[in-house]
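Dear colleague,

Please find below the structure that I am handing over to you.

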Amino acid sequence: MHSLLVIYNSKTKRETIEDSSQCILPEFILRSSGYLVEVAYSEKEALTGIKEADASILHVPISAISEWGTLLMKQKTAPVIWWCTDETANLSLAACEDHIIVDGILGPSMQPQEIHWSLHFSAKQCFERQQWLKEREQLLSKIEERKWIDMAKGILSKVKNISESEAYDLLRKQAMNERKRIVDVATSIVKVYQLLQDQTQGGSKT
């Protein structure tokens with residue numbers, strides 16, 4: 001990790017302009033620690049800058065992290081790190097109990113080696129979190145597929161008066177014959193059955 005993007009929002013930007021002690025600014029400290037640093041003061045600048053950055057450093061209140069994190073992760077998978085100072089911490093008191101996800105925290109009192117290792121573990125945390133989210137999506141997809149297959153088995157068992165085991169074999173054979181996934185065949189059966197049921201019920205009301 002070598003290239004970093006420091007992001008300010010309107011509140012911290014105003015405080016930065018008013019602050020005459022430039023040596024405590026994140027871009028100054030990170031550059032002094034050997035990193036290439038770009039600075040963004042708007043959403044447009046941030047979305048452009050993150051393309052070339054290895055991580056984003058959010059110099060914003062905690063209450064603004066979720067919005068920024070969501071925005072940045074849509075653009076690129078990269079660690080989101082909070083720059084914690086007396087000012088940003090004071091701005092963040094109301095959000096202390098919120099479910100805020102960051103990959104790491106940096107601060108102005110940290111030494112170069114501390115910054116290095118914090119960034120290293122932040123990157124590790126980021127990509128482990130992305131892997132977990134991917135596995136979670138795959139699991140939810142399998143659960144959804146199982147739901148359609150179970151519904152189709154129930155329909156076939158009822159309509160053909162067969163066991164669910166026989167219904168599953170029927171689904172599997174049809175999927176092989178049509179060169180489709182079992183879940184796709186099952187979904188088609190369920191939707192056609194539901195459509196027929198709706199038509200039958202609609203006809204009985206008229």
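How near do the axes of α6 and helix α7 come, and at roughly what angle do they cross? The axes of α6 and helix α7 (residues 164-178) come within 8 Å and cross at roughly 110°. Here axes are lines fitted to C-alpha atoms, for helices over the stretch in contact, with angles from 0 to 180 degrees between N-to-C directions. Helices (H or I, at least four residues) and strands (E, at least two) are DSSP runs numbered from the N terminus.

Before going further, please note that this is a predicted model, in which local features need pLDDT of at least 70 and side-chain atom pairs count only at pLDDT 80 or more, while totals for chains, interfaces and linings use all residues. Residues are numbered from 1 along each chain as its sequence is written, and side-chain values use heavy atoms, leaving out hydrogens and water.

The chain contains 8 helices and 5 strands, and along the sequence they follow the pattern β-α-α-β-α-β-α-β-α-β-α-α-α. Of its 206 residues, 36% count as buried (under 20% relative accessible area; exposed is over 50%, partly exposed in between; 1.4 Å probe, protein chains only).

The largest nonpolar core has 16 residues, and those with the most contacts inside it are L4, L30, I57, L106, I115 and L119. Such a core is a set of buried Ala, Val, Leu, Ile, Met, Phe, Trp, Tyr and Cys residues joined through side-chain atoms within 4.5 Å. At least two residues of this core come from each of β1 (3-8), α2 (26-32), β3 (55-59), β4 (80-83) and α6 (112-160). With 3 residues, β1 gives the most to this core. Another core, of 15 residues, lies apart from it and includes A53, L58, A64 and L72.

The contact (heavy atoms within 4.5 Å) between α6 and α7 is made by R146, I149, A152, K153, G154, L156, S157 and K160 of α6 and by E164, A167, Y168, L170 and L171 of α7. These residues divide into 7 nonpolar, 2 polar and 4 charged, where Ala, Val, Leu, Ile, Met, Phe, Trp, Tyr, Cys and Pro count as nonpolar, Asp, Glu, Lys and Arg as charged, and the others, Gly among them, as polar.

Q174 is found in helix α7 and is partly exposed, with a relative accessible area of 31%. Leaving aside neighbours within four places in sequence, Q174 is in contact with V185 and I189. The C-alpha atoms of Q174 and V185 are separated by 7.4 Å.
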